[in-house]
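Here is a short note to read alongside the model. Please keep the 3D view open as you go through the points.

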Amino acid sequence: MGRAYEYRKARMFKRWDKMAKTFTRIGKDIVLAVKSGTADPDTNARLRVLLQNARAANMPKETIERAIKRASSKDQEDYKEMVYEGYGPHGVAILVESTTDNPTRTVANVRSYFNKLGGSLGTMGMLDFIFDRKCIFKVKNTGNKDLEELEFELIDVGGEEVFLDEETNLINIYGEFTAFGALQHFLEDNGYEIVEADFERIPSDTKTLSEEEAAEVEKLIEKIEEDDDVQRVYHNMA
């Protein structure tokens with residue numbers, strides 16, 4: 001069947017692996033949301049938006065229901081949200097968010113990835129000056145609302161930037177990290193359909209590397225992302 005088949009197969013498995021990772025990440029987020037609130041999305045705003053994220057990612061309904069049921073079980077281990085910060089090859093800042101039931105295991109794993117692939121793990125908070133934490137909402141574009149007017153309205157509830165993603169035709173709304181709840185309520189109360197919502201860490205300073213240098217950093221990032229406890233990885237590589 002030749003190289004073309006092998007290439008397509010490799011891409012297919014990579015896509016499936018990424019999909020499985022996304023489902024795992026959302027599943028853990030659902031568990032945390034239920035444990036900190038209720039299993040009813042009508043009374044749990046964070047859970048409500050996570051279910052929207054799950055649908056946007058084509059997460060099977062039974063997988064979603066299993067995550068909610070697991071969160072309500074007394075046997076479910078308590079997850080802890082841990083953040084690890086360090087520098088990769090060529091001075092690239094890397095921030096790792098994890099959700100784990102064993103922080104000792106997770107930090108040991110993350111440290112080993114940095115050590116083996118040319119980086120070093122640092123202390124919590126050391127990259128606060130590089131990454132700004134923001135929330136982001138993606139809502140359906142009905143074409144009935146002027147984006148400048150929407151941006152002006154959102155300022156009062158913590159919104160900072162509004163723009164249209166022409167590729168997806170979704171309105172992207174960035175806001176302060178602490179404004180997540182206020183922005184969600186505003187959008188829901190005003191009839192906007194939230195397709196996806198999440199948190200992001202945006203670097204205020206970036207580093208430009210050569211193709212070879214970037215490949216070294218990407219190798220480390222890919223290794224970290226493979227860890228089951230890791231939820232998200234951010235960096236300041238341009």
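The points below look at the domains and at one interface between them.

1. First, some ground rules. This is a predicted model, in which local features need pLDDT of at least 70, side-chain atom pairs count only at pLDDT 80 or more, and totals for chains, interfaces and linings use all residues. Residues are numbered from 1 along each chain as its sequence is written, and side-chain values use heavy atoms, leaving out hydrogens and water.

2. The domain assignment gives domain 1 (3-72), domain 2 (80-129 + 204-235) and domain 3 (131-203); such bounds come from an automatic or database assignment.

3. Now turn to domains 2 and 3. Their centres, taken over C-alpha atoms, are 28 Å apart. Domain 2 brings 13 residues to the contact and domain 3 brings 9 (contact means heavy atoms within 4.5 Å).

4. How much area is buried between domain 2 and domain 3? About 880 Å², with carbon and sulfur atoms giving 50% of it (buried area is the accessible area, 1.4 Å probe, that two parts lose on being put together, summed over both). On the domain 2 side, Leu95, Ser204 and Tyr234 supply 45% of the area buried against domain 3, more than any other three residues.

5. Charges meet here too. The rule finds 3 salt bridges across this interface of domain 2 and domain 3 (a side-chain nitrogen of Lys or Arg within 4 Å of a carboxyl oxygen of Asp or Glu). Glutamate 97 forms a salt bridge with arginine 133, and their closest N and O atoms are 3.7 Å apart.
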